[in-house]
Amino acid sequence: MRTPSRAPRSTGEAFSIRTVLPGVKGECVAVEVVLPAALREYAKGASRVQASGRSLEVLLADLDRKFPGIRQRILADTGLIREFVVVFVNGDQVMEGAPERVPIQDGDTVHIIPSVAGG
Amino acid sequence: MAAVPRGSTVVLVGTRKGLYVFHSKDRKRWKLAGRYFEGVPVHSARYDPQEGVAWAAVNSFQWGPLVHRSKTLTKWTRGKAGPAYSKKSGWSVAKIWNVVGGGPAAPGVLYAGVEPAGLFRSEDDGDSWKLVDGLTSHATRPKWTPGNGGLCLHTILPDPKSAKRMVVGISAVAVFSTENDGDTWKTMNDGMTARWFPDHKPHDVGYCPHKLARDPEDPNTIYQQHHWGVFRWDDGRGRWLDVSRGLSSSFGFGLAVGSDGGSAYVVPLKSDGDRTTLGEMAVYRTRNRGRAWQRLTTGLPRPAHLTILREGVGSDGQDPVGVYIATEQGQVFSTRDGGDHWDVIADNLAPAMSVTAGAYP
């Protein structure tokens, strides 16, 4: 399941996971991105890579510059996080599908994982 | 992974859990070269001898669709980017249903049919894609609706004599054709029966072409397995002709043509409520453009309630033609004498969605 039972995405209810900021600028920050096994081939097998960006959108664009094609595996054509992909920032699940509205800070750790969806 | 010897016939079976590649020198004894993309649905894969490359439509439900390619059929390389709609369209490519080379008239060109329905073109072997937007901007687009398999562009038939002409099939919409390299398209509905519409009158869209195949000797002739019937299109006539008479059921998905003009193969299934063979596995063959059908069962199982999906019938273009049928139950049946006798290439595979075959020169 992608959505925690305590707070459906659509309600907009405040909860303790990563909050959303409007119009976050994409300045340079150092972030560690932890890749799932399925995407490590893009990074020559590395499970942890460095990227930068003050929003998830900018971060993924930077990741794509370093590892071409990886952004399309994480985001749908609409620009939203794919339905069965989950992103965590410092252990908090990103509940906002629009990555430009997800703030990233210097020193954050971003995990990209496939959702537990199989039955 | 064992290498695929040159001079073989190869059979590529796309399944819900990866791609299987078989090869044979005599089309009697088959060897498995390997299984690729384990656990990931492969909606179709084909080797194109003209281009010397195989392409596979690999559709991860988590990471999205991507075309992979291979010259050896054992080592696969992913394309740099998959076909993608623009952000403003609001659509996102969910699956690639088919990947087809441009053929003799358009060497070096690759087409992908996707869901939601659209056609993409690549000129760099699948590393980048451009939408053929003349099709998705067709006036009927707001009325396009999905069939049970989704709103998919599943069949791509480039014209071997003209790079500007092409026919595509979209479920559950219509057959479309272009004569100006995709700039504009028109529906090919003339002659289609319309008894499923409430008013029993022809409509512009709402048809359900399950599969199309072009006659190898007369490219102006196209066969169609429709939801309700098997049809033949002749350019000279400019309309579909129902050639279902003699089949045990007008319903089915897969369709392939033989190597000689006028021959085609279908596997009738029992209605859209059941979608299984009618108690036994039986293939129907025509050698006279659908005027008559022969029921072929020698070597095929009975009783059998098997499902053959829209990409589940393929032929290898050789003489006599080899025909291959992959089932959702994981079998692959083959004939090397045009259908008189059938064997089993493989059993207990993952559920099969597609099969293609051809020479690996």
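This is a predicted model: local features need pLDDT of at least 70, side-chain atom pairs count only at pLDDT 80 or more; totals for chains, interfaces and linings use all residues.
**Chain B as a whole.** The secondary structure consists of two helices and 28 strands. Switch to the C-alpha trace: along the principal axes of chain B it spans about 50 × 50 × 35 Å.

**Inside chain B.** Colour chain B by relative accessible area. Of its 361 residues, 60% count as buried. If you draw the contacts in chain B with a separation of 6 or more, 50% of them come from residues 24 or more positions apart.

**The contact.** Now bring chain A back and select the residues that touch across the two chains. Chain A gives 22 residues to the contact and chain B gives 19. About 1600 Å² is buried between chain A and chain B, with carbon and sulfur atoms giving 49% of that area.

**Polar pairs.** Next, show side chains at the contact. There is one salt bridge between the two chains. To find it, select Glu41(A) and Arg78(B), whose closest N and O atoms are 2.9 Å apart. Nine residue pairs, both members at pLDDT 80 or more, are in polar contact between chain A and chain B.

**The chain A side.** Finally, hide chain B and select α2 (70-74) and β5 (109-114) of chain A, the elements that give two or more residues to the side touching chain B. β5(A) has the largest share, with three residues. Coloured by class, this side of chain A shows 12 nonpolar, five polar and five charged residues.

Technical notes
Residues are numbered from 1 along each chain as its sequence is written. Chains are lettered from A and ligands numbered from 1 in the order in which they are written. Side-chain values use heavy atoms; hydrogens and water are left out. Contact means heavy atoms within 4.5 Å. Buried area is the accessible area (1.4 Å probe) that two parts lose on being put together, summed over both. A salt bridge is a side-chain nitrogen of Lys or Arg within 4 Å of a carboxyl oxygen of Asp or Glu. A polar contact is a pair of N or O atoms within 3.5 Å; within protein, one must be able to donate a hydrogen and the other to accept it, and residues adjacent in sequence count only if both atoms are side-chain atoms. Helices (H or I, at least four residues) and strands (E, at least two) are DSSP runs, numbered from the N terminus. Ala, Val, Leu, Ile, Met, Phe, Trp, Tyr, Cys and Pro count as nonpolar, Asp, Glu, Lys and Arg as charged, and the others, Gly among them, as polar. Buried means under 20% relative accessible area, exposed over 50%, partly exposed in between (1.4 Å probe, protein chains only).
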